[in-house]
Amino acid sequence: MIRAGPKESQIYDNNSQKVYPQPIDENMNQNMDSMDSMIGRIFNNISSLKAAYIQLQEAHTPYDPDKIQTADKRVIDELTRLSELKHTYREKNPKPIAASPQDSRLLSEIQEQQNLLKTYEVMVKKFQSQIQNRDTEITHLQQQIDEAKHRKSKLEKKLKQRGLLNKESEESDEEENYFSIELTPSLFTSAADNSYQSIHDFSKPLINMMKAAGWDLDAAANAIEPDVVYARRAHKKYAFESYICQRMFSGFHEESFSVKDATATVSNEAFFHQFLAVRAMDPLDVLSQNPDSVFGKFCRSKYLLLVHPKMEGSFFGNMDQRNYVMSGGHPRTPFYQAFLKLAKSIWLLHRLAYSFDPKVRVFQVKKGSEFSEIHMESVVKNIVLDEGAERPKVGLMVMPGFMIGTSVIQARVYLSNVKYAD
């Protein structure tokens, strides 16, 4: 009889092999739950970061500083949370001894999200740099606006003292802010272009009224500048533009612009203020406030010089308008108002020329001068030159040229006896 010994904690499998059961590690389940929770939090933060990043991009188009600041703060908050999760994970898992396939997959996903996080960090830094540059630009522009407003305020005080500023113009000034214009060569170039356009525009009603009055336009063109060989009959319109130019620019090189009682020395700044004061106003409104101002005297003298008595008599059948102008008035007839637009553009160009230091110099081109591409521009393009032919000669000057320092604004000319491509 075999005596039963103490019970052994051994279990035999079907193959009579001993199996030693291992104690269950409850911490393992807890760690897995903690890891799943952390992964979920990471994914949530990444989703929030993506949303914040999209919001930051949208805030740049159109550029909205307030929305950019809000989105930027949100991105930084999400990055901070992800950074805290990273530190928390490293504290709890300083040196993983062994990793199961599932752990490896999770670690790979974490690494992928961390790489994505670095990409977002780079983009956020880029946006922050752009924001700083924009803020600097905005600050600079605001300083320019403040300076312009200060200059405008000083100018308005002077204009009020001279009676050149009315209530209506004060209201429009606040909206248009045209007193903030800077004195630059490009501003003068633009004014010169406007002056030539005004000459071209006024020549149309002048020619039409001459036609209606029975003038021989061919004879009139030849009387203005004889012996000019025109490529086409329609080109004779440039003779009338040249006539207007010669009369309107007479005395341009003088500070007074040949206006009597305008001999007082005026500073560069004062010339520019006169330019700004009249630039945005209707010329008839300016004259209604002060008919005998320098601008009023200029308009009066130029009209009497430009419109010959015989010409005016044939246009209107009487000299009433001319007599009214000579007596100090400025009629509201359509023809005189068309002339005022021309006079204003030339007067503004003169004010602007004397605003520079040194002043802008004007130069003219004489008939018969050899054409120079540096100092001249042909009003008709597509010149055809035969091989071996002489350089073209100037037939008419329809707009003088100007020198701003060493920069050249070309004179506009019509070339005589040349061919033009169709």
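**Entry 1: Glu-312**

I looked up the contacts of Glu-312 (heavy atoms within 4.5 Å). Leaving aside neighbours within four places in sequence, I found Tyr-303, Val-307, Gly-317, Asn-318, Gln-321 and Arg-322. The model is predicted: local features need pLDDT of at least 70, side-chain atom pairs count only at pLDDT 80 or more, and totals for chains, interfaces and linings use all residues. Residues are numbered from 1 along each chain as its sequence is written, and side-chain values use heavy atoms, with hydrogens and water left out.

Glu-312 sits in helix 11 (residues 309–316). Helices here are DSSP runs of H or I with at least four residues, strands are E runs of at least two, and both are numbered from the N terminus. Is Glu-312 buried or exposed? Its relative accessibility is 0%, so Glu-312 counts as buried. The cut-offs are under 20% relative accessible area for buried, over 50% for exposed and partly exposed in between, with a 1.4 Å probe and protein chains only.

I then checked polar contacts: N or O atoms within 3.5 Å; within protein, one must be able to donate a hydrogen and the other to accept it, and residues adjacent in sequence count only if both atoms are side-chain atoms. The side chain of Glu-312 makes one with the side chain of Tyr-303, at 3.4 Å.

**Entry 2: Aromatic pairs**

I paired rings of Phe, Tyr and Trp (its six-membered ring) with centres within 6.5 Å; planes under 30 degrees apart are stacked, over 60 edge-to-face, the rest tilted. The count comes to 20 aromatic pairs. Phe-188 and Phe-356 have ring centres 6.3 Å apart and planes at 90 degrees, so they are edge-to-face. This pair links distant parts of the chain, 168 residues apart: Phe-188 is in helix 5 (residues 185–212), Phe-356 in the loop between helix 13 and strand 3 (361–363). Both Phe-188 and Phe-356 are buried.

Next I took Tyr-336 and Phe-339. Their centres are 5.7 Å apart and their planes at 45 degrees, so this pair is tilted. They lie three residues apart in helix 13, and are therefore separated by about one helical turn. Tyr-336 and Phe-339 are buried too.

I also noted one aromatic cluster, with Phe-188, Phe-249, Phe-252, Phe-257, Phe-298, Phe-356 and Phe-402.

**Entry 3: Helix 13**

I checked the length of helix 13 (residues 334–353). The expected span is 1.5 Å times one less than the number of residues.
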